[in-house]
Amino acid sequence: MANILSFFSGRKAAQPAASGGVAALLEDFSIEVMPRTAEKIEDFRPLLPEGSRIYIAHIDGTPIEEMVRTAKRLAAEGFPVMPHFPARIIRDRATLADWIARYQGEAGVDQALLLAGGVSSPAGEFSDSMALMRTGLFEKAGFRRIHVAGHPEGNRDIDPAGDGANAMAALRWKQDWAREAGVEMAIATQFCFEAEPVIEWAERLREEGIALPVHIGVAGPAKLQTLVKFAMTCGVGPSVRVLQRRAADVTKLMLPFTPEAFLADLAAHGAANPDFAVRRVHFFPLGGIRATADFTGAMRGARKMAATA
């Protein structure tokens with residue numbers, strides 16, 4: 001195990017106590033896949049802990065049939081499935097109702113991530129996740145859990161001024177909606193690379209009266225070039241400087257970048273601040289599903305090492 005951790009981090013293997021804190025944070029982690037990436041995995045059961053939540057990202061242009069087929073397959077393997085519902089690619093209420101019925105009828109889905117989506121112009125009547133909630137279709141269908149998107153480093157699409165005010169107002173509205181609808185809600189965030197912006201954002205959530213638990217987005221192990229490409233595409237903010245510093249160190253260019261230091265900082269802050277909003281980790285397997293599964297397996301195994309040390 002020590003050799004595995006040393007390879008992943010590109011430095012000395014983490015001590016059992018430190019790794020144990022990260023392992024605790026990784027309990028009940030989730031992971032995001034797409035139909036085309038899921039197809040590359042013959043069986044998810046040997047890779048992920050039993051009961052791991054698997055999000056299915058719905059990219060514009062992906063037929064709903066592929067999404068539902070992937071959900072059905074993952075549910076049959078025993079995993080709770082959370083498909084994306086991107087508001088801006090859903091044409092109308094009838095389409096939304098059809099998607100919900102298909103997911104429920106064919107895959108037994110009762111949870112979803114609602115988000116605006118990555119396209120700039122709505123394809124129909126929905127422009128954001130709140131519009132989807134206002135239809136009443138999710139609570140009518142008996143969905144028990146709804147997650148919404150969060151952006152610790154801001155989102156210019158939501159807040160052109162960069163002050164985060166619109167995003168905070170939207171999260172308060174969604175929190176109120178969840179209470180009235182009787183569904184569990186959490187914030188699943190964009191991936192970040194540095195703890196400080198996340199901690200500052202979590203503090204602001206508390207100041208704004210938003211008590212929703214946060215499932216922090218984390219990029220799984222990947223080549224540095226891959227992470228930089230995705231970070232630029234997805235609009236990752238100040239924490240991308242972690243990648244920039246890594247790129248300047250020629251001794252680490254050939255090693256896979258992993259989120260061990262980021263997770264350790266979050267775990268340490270959570271241990272010192274029990275009211276820290278970050279409760280779970282949500283992985284974006286940008287370097288491949290297997291690489292992320294190997295990393296989480298190694299880190300969770302470190303908890304057993306710490307317990308017996």
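Gly217 stands opposite His282 in strand 8. Six bridges join strand 7 (residues 214–219) to strand 8 (residues 278–284), and the two run parallel. Strands (E, at least two residues) and helices (H or I, at least four) are DSSP runs, numbered from the N terminus. The model is predicted: local features need pLDDT of at least 70 and side-chain atom pairs pLDDT 80 or more, whereas totals for chains, interfaces and linings use all residues. Residues are numbered from 1 along each chain as its sequence is written, and side-chain values use heavy atoms, without hydrogens and water.

Eight strands form a closed barrel in the order 1-2-3-4-5-6-7-8, with parallel pairing. Pairing requires at least two DSSP bridges between two strands. Neighbouring strands of this sheet are turned by 30 degrees against each other on average, direction ignored. Helix 12 (residues 260–272) packs on the sheet and touches strand 6 (184–192), strand 7 and strand 8. Contact means heavy atoms within 4.5 Å. The direction of helix 12 makes about 160 degrees with that of strand 7. Axes are lines fitted to C-alpha atoms, for helices over the stretch in contact, and angles run from 0 to 180 degrees between N-to-C directions.

Glu77 lies in the loop between helix 4 (64–76) and strand 3 (81–86). Glu77 is buried, with a relative accessible area of 11%; buried means under 20% (1.4 Å probe, protein chains only). Its side chain reaches the backbone nitrogen of Phe44 at 3.0 Å. Beyond neighbours within four places in sequence, Glu77 is in contact with Glu42, Asp43, Phe44 and Arg45.

Terms used. Buried < 20%, exposed > 50% of the residue type's maximum accessible area, 1.4 Å probe, protein only. Polar contact = N/O pair within 3.5 Å; in protein donor to acceptor, adjacent residues only side chain to side chain.
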